[in-house]
Amino acid sequence: MTKKEKITEILALLELHYGPTKCYLNHENPWQLLIATMLSAQCTDDRVNLVTKDLFQKYRSIQDFAQANLEELEQDIHSTGFYHNKAKNIIACCQKLLSEHNGEIPSDIDALTALPGVGRKTANVVRGNWYGIPSIVVDTHVKRVSNLLGLTKNSDPVKIEFDLMKITPKDKWISINTQMIAHGRKICIARRPKCAECFLFAYCNGGQKMQKTKK
Ligand code: SF4
């Protein structure tokens, strides 16, 4: 079976078990999605949603974030971790959005990744989930699950993104992320995967190796 055939069957099973999935970060517009994604680095989506519930009441526009007091914003986002860098980047990013993009969130990957604190992962979240542009987001779950399934041998998220783009049908580039996250949370849990209940076991090099070592 080729990798393309394998991923097609895996994606069909993920779709069957998890159905259509949507972005886990709460947002009402593209700038909220961008900021929520910046906050989600090394933090759970649940924690980010808890923080942004109040944050987006207090800061109601890109202008509000661009003019924010650094120390105050640090306190507001403190519980998401890495708050010094995140606050600094959010303010600089919003200032650049105003000075170079007229306060609009660009959809172009190069323009997005030129913003302070925005890497390919954050850019792809915005492109895929707001603009509907096929984009593969490689987060910790996609990284772990695609390695275990033998879809990539790389650990660098950008290399994984390009490996997955080569074998994944373009109309699945957005859903592969949310469905692999669902699988990573429910079954293929980091350090204690439930291989015995996993519907992907037959396709999974990593799971089969782990079962053999247990015997
Ligand atoms: S078989 Fe095990 S390691 Fe493989 S995807 Fe399923 S839970 Fe994860």
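The legends below describe close-up views of a predicted model. Local features are given only where pLDDT is at least 70 and side-chain atom pairs only at pLDDT 80 or more, whereas totals for chains, interfaces and linings use all residues. Residues are numbered from 1 along each chain as its sequence is written, and side-chain values use heavy atoms, with hydrogens and water left out.

View 1. Helix H8 spans residues 120–129, and seven of its 10 residues are buried, so the helix is largely enclosed by the rest of the structure. Here buried means under 20% relative accessible area, exposed means over 50%, and partly exposed lies in between, with a 1.4 Å probe and protein chains only. Helices (H or I, at least four residues) are DSSP runs numbered from the N terminus. The buried residues of H8 are Thr122, Ala123, Asn124, Val125, Val126, Arg127 and Gly128, and they pack against helix H2 (30–39), helix H7 (109–113) and helix H10 (157–167).

**View 2. The salt bridge between Glu161 and Arg120.** Glu161 forms a salt bridge with Arg120, the closest N and O atoms being 2.6 Å apart. Glu161 lies in helix H10 and Arg120 in helix H8, so the pair ties together parts that are 41 residues apart in sequence. A salt bridge is taken as a side-chain nitrogen of Lys or Arg within 4 Å of a carboxyl oxygen of Asp or Glu. Glu161 counts as buried at 3% relative accessibility, whereas Arg120 is partly exposed, with a relative accessible area of 28%.

View 3. The side chains of Asp163 and Lys166 meet in a salt bridge, at 3.8 Å from N to O. The two residues are three apart in helix H10, which means that Asp163 and Lys166 are separated by about one helical turn. Asp163 is buried, with a relative accessible area of 17%, while Lys166 counts as exposed at 60% relative accessibility.

**View 4. The network of Lys58, Glu72 and Asp76.** The structure holds five salt bridges, and Lys58, Glu72 and Asp76 are linked in a network of such bridges. Within this group, the closest N and O atoms of Asp76 and Lys58 are 2.9 Å apart in their salt bridge. That pair links distant parts of the chain, with Asp76 in helix H5 (residues 70–76) and Lys58 in helix H3, 18 residues apart. Asp76 is partly exposed, with a relative accessible area of 26%, and Lys58 likewise counts as partly exposed, at 39% relative accessibility.

**View 5. Gln42 in the loop between H2 and H3.** Gln42 is found in the loop that lies between H2 and helix H3 (45–58), and is exposed, with a relative accessible area of 69%. Leaving aside residues up to four places away in sequence, Gln42 touches Thr80 and Phe82, contact meaning heavy atoms within 4.5 Å. Gln42 and Phe82 are 40 residues apart in sequence, and their C-alpha atoms are 8.1 Å apart in space.

**View 6. A positively charged surface patch.** Lys3, Lys153, Lys209 and Lys212 gather in a patch of positive charge on the surface. Such patches are made of residues with over 30% relative accessible area and no salt bridge, like charges being joined within 9 Å, and the place of a Lys charge is taken as NZ. Lys3 is found in helix H1 (residues 3–18) and is partly exposed, with a relative accessible area of 39%.

Methods: Patches are made of residues with over 30% relative accessible area and no salt bridge: like charges are joined within 9 Å, nonpolar side chains (Val, Leu, Ile, Met, Phe, Trp, Tyr) within 5 Å. Accessible areas come from the Shrake-Rupley method with a 1.4 Å probe; for residues, only the protein chains shown count as cover. Lys and Arg count as positive and Asp and Glu as negative; His and the chain ends are not counted.
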